Amino acid sequence: MGTFQIKKSDTVYDAIVVGSGAGGGMTGYVLANAGFKVLMLEAGPYYDPKFHSQQLFWSYQSPRRGAGSTRAFGEFDAAYGGWEIEGEPYTTKAGTQFDWFRSHMLGGRTNHWGRISLRFGPHDFKGRSYDGVGDDWPIGYEDVKPYYDKIDRLLGIYGTVEGLENEPDGIFLPPPKPKLHELFVARAAKKAGVPVIPGRGSVLTEKLPGNEDRQKCFYCGQCNRACRIYGDFSSSSCLVIPAQKYTQNLELVCNAMVREVLTDEEGLAKGVSYVNKEDGLEYQVKGKVVVLAASACSSARIMLNSRSNRHPNGIGNGSDLVGKYLHDSTGVALGGFLPELLDRKRYNEDGVGSVHIYSPWWKDNRRDNLDFPRGYHIEYWGGFDMPAYGFGFGMHGLNGRVPDRNGQQKEAGGYGASLKDDYRRFFGTNVGMAGRGTGLALKENHCEIDPNVVDKWGIPVLRFHYKWTDAEVRQAKHMQETFQEIMHNMGAEITWGLHGPENSYGLEAPGRIIHEVGTTRMGDDPRNSVLNKWCQSHEVKNLFVADGGPIVQQGDKNCTWTILALAMRTSEYIVEQSKRNNI
Amino acid sequence: MNRRKYLKFVGVGSVTASVMWEACQPEAERNGVADNLPEVLEAGRQDFEIERDRRLLGETFFTEHELATIAILADIIIPRDDTSGSATEAGVPEFIEFIVKDIPSHQVPMRGGLRWLDMESSRRFEKAFRDCTEAQRMEIVADIAWPNRVNPGMEQGVAFFNRMRDLTATGFFTSEMGIADIGYQGNQPNEWAGVPEDVFRQYGFDSNDIIR
């Protein structure tokens, strides 16, 4: 790093967008297409799936065979970063836990997500009115529906029209057909009273009308590695790169780590300052509008670090709620193998890299008298996967549980030709499931600035305070019981994931499901919300948040589709208000 | 990032990294740095990942004696049969050498386990495991290969053999030979049309089971 200096640019952009994930990508796309001159700042490197994807590499092409030594989900996974990043620490209050996953790169966490694309339903937006828990959003499903419809058409999603009350249908491409183990799951779940319907994922099972840049899925099942033909939704391939290509209105600066929002004498946003990770220099850029889409916690961090005379508590934080109401989804998983599938016939069943089937939440905590509010959906997996690091681990816990080819009970473990044959016999028999449920948005669960710690660029870091309540633990217990029943019904042997009250029934720590939202929640009353219903700061009219931060209370649905819908809605509002000179 | 610029930057960065790294090593333990990486280790990889891989590929962890012992054990666990070759023919010892550098938590259990094995064989036969006859080796293996019937004093050997079995199996079945052996048919463009008709019938499903 050279001598310290701050580089200031005189260019005034129509909008500065911080972040290039689902929220930032959508905001940049809409604004650039509306003629705005947009500066997009991304904290990580450039990434184009067409050139940088690890799709279709074989395990044996790498000496580590896919192990996750530098990437949490394996070396072929597209997402950089993880729960721990060198030089970018965060802290937690004693006795609490929150694991913070960050992926600094073009497209952010849309590079590895499961492409599971579920709409929040009417009760998710108005939960308090429905069952008295938490708070209502200031908007309802009918306000967001037109945007869900638009992103369905723009980005592509498969699924089926089911007419379920709180699982709204979209505009769907045909879903992929179920795999063999999924037929077993569906039959077993039905017996347990759990519905199973085709999955809903943003993968192009058919060519997207009017889009020549993206091709139809060729079923390698590797969406998490990023798709070279743009057959699935990533913010890079579907939003940022097209916005650059077709509008010339989007200027992208990568490796730009934003410190704070800069304000003028009246307290309005006038730009942002950032450190460029490549040259180590400090930059200040100007914009008429600033949109934070750095991820729920990163945007909260930027706001809390943006202190001035007009905003002594951090910009837009008159309510003191920036960072509060942080909530992740709950998660419990369990799995094993299906003895009936031993020695199964081989064929290619890679399918799509998202879910082929899932179980939407089927109960009603009021009607069914459950001891926890809201619920969860279930995702399933199994079958033939490309062998990678970890394949065959723990055979000594499996091969003693079933008779051999001659019907004789085997001794667990072993070696030699007989053992070698066991790996073949068990290939493709595994089956597993995971629940993703509603975590409650509580004021007590929050992130704040740690007064004592900075990252390697001198930016004060976040300190987390998060504890599950009994409600989430009871929900986890319900998941355990349901999963065990489904496994039992299909004759599967459970080999992992069984947990009791001693460790909260296997409930994952907050942050592990990577659905954290709520840190800049929207509302009508500036005293108990950070943003208005357009995701606009109550206090700073040209400051907006377009990530998961504005979400008041998450449903049991994965949040990406809602982040996209809200970002599109907010962006259109910015365009309209700018035309009227209201911003 | 521009690829040419990217590689140039990586080149410079890795020289610095290797110098720094060597400076911290005792003379005898110094290793080289790999010059060329396979394509998979460069496409879309971050600078620090590329530097790390070049360093790891240039390092040596196991001694010649340890690696020879690993090779013997690997072929006991996965021998050649009618379908495919043995663990060593599939490159399992090379895989294990790399993976313990990549995942250092394997290092102590593997190194210690190999030494445990040599101590056990020298107790019984006054020789290192690799110098034993096949019958002598199999006598020891018989005492550590069956986790549900363990004689007192053999527990650590069983734990080591479990790890050795896991790493051998993973190394074998993720190799080109192993993937062909196990019959994985995917990782190629195709049209997923659902479960094949004969498989569908084999497991007793009918059209009512098809999820729309």
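Reader: What do the buried residues of α3(B) pack against?
Author: This is a predicted model. In it, the buried residues of α3(B) pack against α9 (416-426) of chain A. They also pack against α4 (92-102), α5 (107-125), α6 (134-144) and α7 (155-173) of chain B.

Reader: Which residues of α3(B) are buried?
Author: B:Thr69, B:Ile70, B:Leu73, B:Ala74, B:Asp75, B:Ile76 and B:Ile77.

Reader: And how many residues does helix α3 of chain B have?
Author: It has 14, residues 64-77. From first C-alpha to last, α3 of chain B reaches 20 Å. That is close to the 20 Å expected at 1.5 Å a residue.

Reader: Zoom out. How many helices and strands are in chain B?
Author: Nine helices and zero strands.

Reader: How much of chain B counts as buried?
Author: 33% of its 212 residues. As for contacts in chain B with a separation of 6 or more, 55% come from residues 24 or more positions apart.

Reader: Switch to chain A. In what order do the six strands of the open sheet run?
Author: The order is β5-β12-β13-β14-β11-β17, and the pairing is antiparallel.

Reader: Why is one side of β5 and of β17 left without a neighbour in the sheet?
Author: β5 (197-198) and β17 (493-496) of chain A stand at the edges. Each has a single partner strand, so one side of each has no neighbour in the sheet.

Reader: What about β11 and β14 of chain A, how many bridges do they pair over?
Author: Eight, in the antiparallel sense. β11 covers residues 330-337 of chain A, and β14 covers residues 430-437. Take A:Leu334: its bridge partner in β14(A) is A:Met433.

Reader: Which strands does helix α10 of chain A lie across?
Author: Helix α10 (residues 470-489) lies across β11, β13, β14 and β17 of chain A. It runs at about 20 degrees to β11(A). Helix α6 (residues 180-191) of chain A lies across β12 (357-359), β13 (376-382) and β14. Its angle to β12(A) is about 20 degrees.

Reader: New topic. How many residues are in the largest nonpolar core?
Author: 119. Those with the most contacts inside it are A:Ala15, A:Ile16, A:Val18, A:Val38 and A:Val291. Helix α11 (residues 560-579) of chain A gives the largest share, eight residues.

Reader: What is A:Val291 in contact with, leaving aside neighbours within four places in sequence?
Author: A:Ala15, A:Val17, A:Val18, A:Thr27, A:Phe544 and A:Ala546.

Reader: And the second, separate core, which residues does that include?
Author: That core has 82 residues, including A:Trp361, A:Ile378, A:Met479 and B:Met110.

Note on methods: Residues numbered from 1 in each chain as written. Chains lettered and ligands numbered in written order. Predicted model: local features only at pLDDT ≥ 70, side-chain atom pairs only at ≥ 80, totals over all residues. Helix = DSSP H or I, 4+ residues; strand = E, 2+ residues; numbered from the N terminus. Expected span 1.5 Å × (residues − 1). Buried ≥ 20, exposed ≤ 12 C-beta atoms within 10 Å, placed from the backbone. Contact = placed C-beta atoms within 7 Å. Pairing = 2+ DSSP bridges. Axes fitted to C-alpha atoms, helices over the stretch in contact; angles between N-to-C directions. Core = buried A, V, L, I, M, F, W, Y, C linked by C-beta atoms within 7 Å.
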